[in-house]
Amino acid sequence: MKINNVGMTGVNPYNLQANKTGNIKESKVKSSDKVEISSAAKEMQQESKMIAARQAKVDELKIQVEKGNYKLNAQATAKGLIDFYRK
């Protein structure tokens, strides 16, 4: 049995490949990206009460240090350092 015209005859396979990549680029240009931010993420972006309380404490400590009223507890500081590095 004789089989004629096997495969693509008279067609340049490199042209076909170039056309396929051209179509892919065009389809990517047409699509667009979309980002949605959840309500929880929006809430996290807003300034929380904890940040405001922390800033108030820092401001209070600055004032005490500038006036010379701030008393340092050396034992509590050393214990905190030791506990931190032992973990």
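Visitor: On what basis was the model read, and how are residues numbered?

Guide: Residues are numbered from 1 along each chain as its sequence is written, and side-chain values use heavy atoms, without hydrogens and water.

Visitor: Where is confidence lowest and where is it highest?

Guide: Confidence is lowest in helix 1 (residues 13-30), with a mean of 64, and highest in helix 4 (residues 74-86), with 95. The chain average is 80. Where pLDDT is low, the predicted coordinates should not be read in detail.

Visitor: How do you know that the span of helix 4 agrees with expectation?

Guide: The expected span is 1.5 Å times one less than the number of residues. For the 13 residues of helix 4 this gives 18 Å, and the end C-alpha atoms are 18 Å apart, so the two agree.

Visitor: Why is Lys 79 called exposed, and why is Asp 83 called partly exposed?

Guide: Buried means under 20% relative accessible area, exposed over 50%, and partly exposed in between (1.4 Å probe, protein chains only). Lys 79 has 52% and therefore counts as exposed, whereas Asp 83, with 33%, is partly exposed.

Visitor: Which residue forms a salt bridge with Lys 34?

Guide: Lys 34 pairs with Glu 36, their closest N and O atoms being 3.6 Å apart. Lys 34 is exposed because its relative accessibility is 70%, and Glu 36 is exposed because its value is 65%.

Visitor: What makes Leu 72 part of a surface patch?

Guide: Patch members have over 30% relative accessible area and no salt bridge; like charges are joined within 9 Å, and nonpolar side chains (Val, Leu, Ile, Met, Phe, Trp, Tyr) within 5 Å. Leu 72 has 63% relative accessibility and so counts as exposed. Together with Leu 61, Val 65 and Tyr 70, Leu 72 forms a nonpolar patch. Leu 72 lies in the loop between helix 3 (49-67) and helix 4.

Technical notes. pLDDT is the predictor's confidence in each residue, from 0 to 100. Helices (H or I, at least four residues) and strands (E, at least two) are DSSP runs, numbered from the N terminus. Accessible areas come from the Shrake-Rupley method with a 1.4 Å probe; for residues, only the protein chains shown count as cover. A salt bridge is a side-chain nitrogen of Lys or Arg within 4 Å of a carboxyl oxygen of Asp or Glu.
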